[in-house]
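Please view the sequence and the structure together while reading.

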Amino acid sequence: MLTTACVALSSLAFVAGHVLARARSRRDAPPEGRCKEEATFATLHIAAMAAPALRTGLNRDSARKAVRHLRALLGTQAVAITSTEAALAWDGPCTDDVVTYARATLAAGRPQVFAGEPHGAVVVPLTVDGTVVGALAAFDDEISAALVRTVSEVGRWVSGQLELAELDASRRRALEAEMRALRAQISPHFIYNALTTIASFVRTDPKRARELLLDFADFARYALRRAHDFTTLADELTCVDRYLLLERARFGDKLRFSMQVAPEVLPVPVPFLCLQPLVENAIKHGMRGRRGAGEVRVVVRDAGPEAHITVEDDGAGMDPECARRMLDDDPAREGSGIGLANVDLRMRQIYGDGYGLVVETALGAGTKVRLRVPKTQLSSL
C-alpha cells in the first residue's frame, strides 16, 4: 500500500508540473510563484474530487463520477474510461473508436497514440496488481510528447487508486471472514452442560425436560444462524433469556439474576452474540467455587447517541492484570467459546478502538464488564 501511495504522489507531482506549464503559457498568467501554488492546489483539489469514486473500484458508476474530474486534470477536449470490454464513461466529444483504441492498448500493455479527426488520442492501460483492468483515453486536437507523459502519469495515479480500492475490498473480505469465524465459537462446555441438565430431568420431570429442550433449540437456532452479522438488542436479550432458563435449571436457586433495560434502546442494532457471552462469563466466574447463591446483574441504559450495557457479578473477582490479559488474548486460543477477547475484538473492529470492553474487577470484589454501542442504523441489518 505504501508503494502505491508513493506512485500516486509522484504522478500528481508530474501532473502539477503540466498544469503549471499550461498556466505559464497564458498571457494573463499570474507571477511564477503564485502560478506554481495555484497549479499545485488545482491538481490536488481535482485529484481529491476524483479519488472517492475511484476508491470504490472500476465500474460504470465510479467511472461516470470520476471522468469529468480527470478531464479537468488533463485539460483535454475529451476523456474516456473503459473496462477490458466496453466504454464505461466519457466526458467531452469522444469518437466511436474509443473501444478499438482501448483494445489495441490493452493488447500492447503500454501507452498508445492514435491519429484521428478531429482529435487524436492518447490511451494508457489501467492496472491493478499487475493485471490490466481497463484503459484511460484522452482526446485532443494536438498530441504532444508532454501530453503523452501527462496522460501516462494520470493513468498511473488512477491505477493506484483502483489498487487501493482492491486492497480495501480484500481487507473488508478478510475482516468479514474473521468475524464470521469469531461468531461461530459457541461454547462446547455450555452445550454439554445444558444437555446434561436436560437429561437429568428426563425421568424425574419429563415435562420440564421437554420445555428445556425447546428452550435449548431456540437458543441454538439463534446462536447458529448465518443470516446477518447484526441483530437488535431486543433479540440479543431474548437469546440471553433462553440461555438463562437453561442455566437456572442447572444451578437452581443458587443463581440469582436481574435485568434492567430501558425500553427505548431495544431496537438498537448490536453485533450478533455480543451480550450473551458476557452473561455466560459472569455466571462462569460468579458461580465458581461458591457454596451460597451468586447474583448476576444486567443493566442497559439509554445514553443519548449510545446504549450503555453493564454485566456484573458478585463473585470472587480477579486481579486487574489477569483481566487485561484476557482481553489481549487471541480469541482463537480461548478454548471456551465466545469469550471476552472475542467480543472485545469484534466491537473494536466494527466501531473503533474506543468501543472495546471495559472490565472493572479486583480480588474479592466481583467483576463488572461495560459495553458501549452506538445507535447508528447499520445497513447489515
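Which residues are linked in a network of salt bridges? In this predicted model, the network joins D218, R221, D241 and R242. In total, the structure holds 17 salt bridges. Side chains of opposite charge can pair when their charged atoms come close.

- D218 forms a salt bridge with R221, and their closest N and O atoms are 2.8 Å apart.
- Both residues belong to helix α7 (residues 206–223), where D218 and R221 are three residues apart, about one turn of the helix.
- D218 is partly exposed, with a relative accessible area of 30%, whereas R221 is exposed at 56%.

**Pairs between strands**
- E295 and R256 form a salt bridge in which the closest N and O atoms are 3.9 Å apart.
- This pair links distant parts of the chain, with E295 in strand β9 (residues 294–303) and R256 in strand β7 (residues 255–261), 39 residues apart.
- E295 is partly exposed at 22% relative accessibility, and R256 is partly exposed at 40%.
- R370 and E360 meet through their side chains in a salt bridge of 2.8 Å, N to O.
- Here too distant parts of the chain are linked: R370 lies in strand β12 (residues 367–374) and E360 in strand β11 (residues 358–361), ten residues apart.
- R370 is partly exposed at 33% relative accessibility, and E360 is partly exposed at 34%.

**A nonpolar surface patch**
- I191, L195 and L213 form a nonpolar patch on the surface, and together they have about 230 Å² of accessible area.
- I191 lies in helix α6 (residues 188–204).
- With a relative accessibility of 32%, I191 counts as partly exposed.

Technical notes:
Residues numbered from 1 in each chain as written. Predicted model: local features only at pLDDT ≥ 70, side-chain atom pairs only at ≥ 80, totals over all residues. Heavy atoms only, no water. Patch = residues over 30% accessible without salt bridge, like charges linked within 9 Å, V, L, I, M, F, W, Y side chains within 5 Å. Areas by Shrake-Rupley, 256 points an atom, 1.4 Å probe, with all protein chains shown as cover. Salt bridge = Lys/Arg side-chain N within 4 Å of Asp/Glu carboxyl O. Helix = DSSP H or I, 4+ residues; strand = E, 2+ residues; numbered from the N terminus. Buried < 20%, exposed > 50% of the residue type's maximum accessible area, 1.4 Å probe, protein only.
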